[in-house]
Amino acid sequence: EFLVPKYSKEASPHDPYNATYHWGDNHILPEFEDSGRWANIPICKPSLMEYEPQGHEKLETPKFRGEDGTPKNHHLVSCLWASAGYTTRGHRFAINDGQRRLLEWITFNKMLGWDHFYIYDNTAAFTNETSLQPIADMFPDQVTILKWPSRVCNNNPNNVDSPGERSSQYAAEASCRLRFGPHVNWIGQFDIDEYIVPMGKYTSVLPLLEKLDSENKKIISFASWRAWPRATHINTIVPIKDNKYCGTGHECFDLTVQSNTSMLEAYNCDRNKPGQKQTVMPAEKQIYRADYVKQHFVHYSTVTESTLLTIADFYKKFGHRRQAPDPLSRFGDEVEEGLMIHSKAVAHQDTAGWKRNCHKDAHAFSLCRLGYPYPKGGDQETGPQWNDDGWKYNCFVNEKIDDYWAPLLKENLMKHGFFGQ
């Protein structure tokens, strides 16, 4: 995609484009005779021909169209950077459940209305012995997988002068939007440990997207706040007393989710009731119109058609208001529309001292990363604050997940041989 530059002056009609006129004569471009051979210029196939040939054929008889009538291959897609295994910042903790999580995540999002998934497989940045290909092969018509062995430039911890980043993810996201964005209507930008859960009357995200269109909204955000795995849904705790492994003198353990449950069900223990998360959220994730957002950065739509307007044009269209947040964006209603469950894995170092931190006698600032849900109707101000064993309540169960989504997800996962079927 090419963004047409805006010039302060118009060129002469007799000279439609003159580089010196627009940019001056201080160029870094070499002289023509020094520019090398044309044969050295890399010519790549269009993205659809290279990675999704069946999608290229679909444009002849499109199932979907954009707001301007342009043929589109897909309506709602995911741009996903993921790995079968990886290490967290500072190489603090190794996680190797990527295949299990991806299978569940794709299965769940298909239920919600996603019709295609572009997976940038980062596994080869860590090992060549496995990949996400076996999971992608289970969904041949819905998954396009791209090998993406690029490593992050800096995997330092977050608490140092040069904190770690996710450069590989940033590049993958930009690549996906530029390669495939022109051929889709909506892009959902989430990780495989993040679940959008339709709420209220919704059992799919597609009617919600129709609602956004009726409101002329191009971006919808969901508050991101880490949920805890329920103590009842993890495997038996085997205490480990190793100062180096645990990072402290307190016992820790390797926290794993039982194989007879889903990650969504296990982590259905949000630290805030629906509707309260936005007041304390550290971040957000989004679904956005691919033709409206010109640059997206993990959590945010950083450049859009609206923010590209001149100040005068922006004020004329939207009135005298700030450009951020984007005027055509809004948050989802967590009670009536949808919310996000962030099922981030718990490092063994973060379980250290769980007996102390999760107990009713724990200090107020102690953080328990095991989920002990409040009884129905209870909260921090109402009803009992700990169970009969003295474990302090610290999260809330979403009833629609337990009653509707988790059973439906389990039923669909069983079709893929999960849960021992």
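Reply: The protein chain has twelve helices and 15 strands. The model is a predicted one. Of the 421 residues in the protein chain, 46% are buried. Among contacts with a separation of 6 or more, 71% are between residues 24 or more positions apart.

Now to the sheet. Seven strands form an open sheet, in the order β7-β6-β3-β8-β11-β10-β14, and their pairing is mixed. At its edges are β7, residues 143-147, and β14, residues 329-331, each of which pairs on one side only. From one strand to the next, the twist averages 20 degrees.

Strand β6, made of residues 116-121, pairs with β7 in the parallel sense, and five bridges join the two. Within this pairing, Phe117 stands opposite Val143 of β7.

Two helices that lie across strands of the sheet come next. Helix α6, residues 167-180, lies across β3 (74-82), β6, β7, β8 (184-189) and β11 (283-289). The direction of α6 is at about 140 degrees to β6. Helix α7, residues 206-214, lies across β3, β8, β10 (219-224), β11 and β14. The direction of α7 is at about 110 degrees to β3.

The length of α6 can be checked. The helix has 14 residues, and at 1.5 Å a residue these should span 20 Å; the end C-alpha atoms are 20 Å apart, so the two values agree.

Two packed helices are described by the angle between their axes and the distance between the axes. For helix α4 (residues 98-112) and helix α12 (residues 399-414), the angle is about 115 degrees and the axes are 10 Å apart. With that angle, α4 is roughly perpendicular to α12, because 65 to 115 degrees counts as roughly perpendicular. The crossing of α4 past α12 is right-handed. On the α4 side, the residues that meet α12 are Leu103, Glu104, Thr107, Phe108, Met111 and Leu112. Their partners in α12 are Trp405, Leu408, Leu409, Asn412 and Leu413.

Key
Residues numbered from 1 in each chain as written. Predicted model: local features only at pLDDT ≥ 70, side-chain atom pairs only at ≥ 80, totals over all residues. Heavy atoms only, no water. Pairing = 2+ DSSP bridges. Helix = DSSP H or I, 4+ residues; strand = E, 2+ residues; numbered from the N terminus. Axes fitted to C-alpha atoms, helices over the stretch in contact; angles between N-to-C directions. Contact = heavy atoms within 4.5 Å. Expected span 1.5 Å × (residues − 1). Parallel < 35°, antiparallel > 145°, perpendicular 65-115°, else oblique. Left-handed = near helix turned anticlockwise from the far one by under 90°. Buried < 20%, exposed > 50% of the residue type's maximum accessible area, 1.4 Å probe, protein only.
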